[in-house]
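User: I have a chain open and would like to talk through it with you. Could we start once it is on the screen?

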Amino acid sequence: MEYLVWGGAGLTVLGLCGLVACIVLAMRARAAGLEDAALRAQLQRVVTLNLAALAICGLGLMAVIVGLFLS
């Protein structure tokens, strides 16, 4: 079950990279000085990416836990 642990760790790292990307995108959107409607639209896309990254992190952590239990 070692492959499950390492695969889950890889998914978790991938999700964390996505979360860092969300932070960078949100900071760029705020620094751009967009109007309210444009800023809101940009941040809605960031929220979608954020939820996907959190889901990937969660799946990775679940895979790690399952791999540890089965080892």
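This is a predicted model: local features need pLDDT of at least 70, side-chain atom pairs count only at pLDDT 80 or more; totals for chains, interfaces and linings use all residues.

User: Changing topic: how many helices and strands does the chain have?
Analyst: The chain contains two helices and zero strands.

User: What is its radius of gyration, and how does that compare with the globule rule?
Analyst: The radius of gyration is 16 Å, whereas the globule rule gives 11 Å for 71 residues. The value is well over the rule, so the chain is more spread out than a compact globule. Along the principal axes, the C-alpha trace spans about 55 × 15 × 10 Å.

User: What share of the residues is buried?
Analyst: Of the 71 residues, 20% count as buried. The chain exposes about 5,100 Å², and carbon and sulfur atoms supply 74% of that area.

User: Which residues form the nonpolar patch on the surface?
Analyst: The patch consists of Met1, Tyr3, Val66 and Leu70, which together have about 430 Å² of accessible area. Val66 is located in helix α2, which covers residues 36-70. With a relative accessible area of 40%, Val66 is partly exposed.

User: Where is Ala63, and what does it touch?
Analyst: Ala63 is also in helix α2. Leaving aside residues up to four places away in sequence, Ala63 touches Leu4 and Gly8. Its relative accessible area is 16%, so Ala63 is buried.

User: How far is Ala63 from Gln42?
Analyst: The C-alpha atoms of Ala63 and Gln42 are 32 Å apart in space, and the two residues are 21 apart in sequence.

User: One last item: what percentage of the contacts join residues at least 24 apart?
Analyst: Among contacts between residues at least 6 apart in sequence, the figure is 82%.

Notes
Residues are numbered from 1 along each chain as its sequence is written. Side-chain values use heavy atoms; hydrogens and water are left out. Helices (H or I, at least four residues) and strands (E, at least two) are DSSP runs, numbered from the N terminus. The radius of gyration is taken over C-alpha atoms; the globule rule is 2.2 Å times the number of residues to the power 0.38. Buried means under 20% relative accessible area, exposed over 50%, partly exposed in between (1.4 Å probe, protein chains only). Contact means heavy atoms within 4.5 Å. Accessible areas come from the Shrake-Rupley method with a 1.4 Å probe; for residues, only the protein chains shown count as cover. Patches are made of residues with over 30% relative accessible area and no salt bridge: like charges are joined within 9 Å, nonpolar side chains (Val, Leu, Ile, Met, Phe, Trp, Tyr) within 5 Å. A salt bridge is a side-chain nitrogen of Lys or Arg within 4 Å of a carboxyl oxygen of Asp or Glu.
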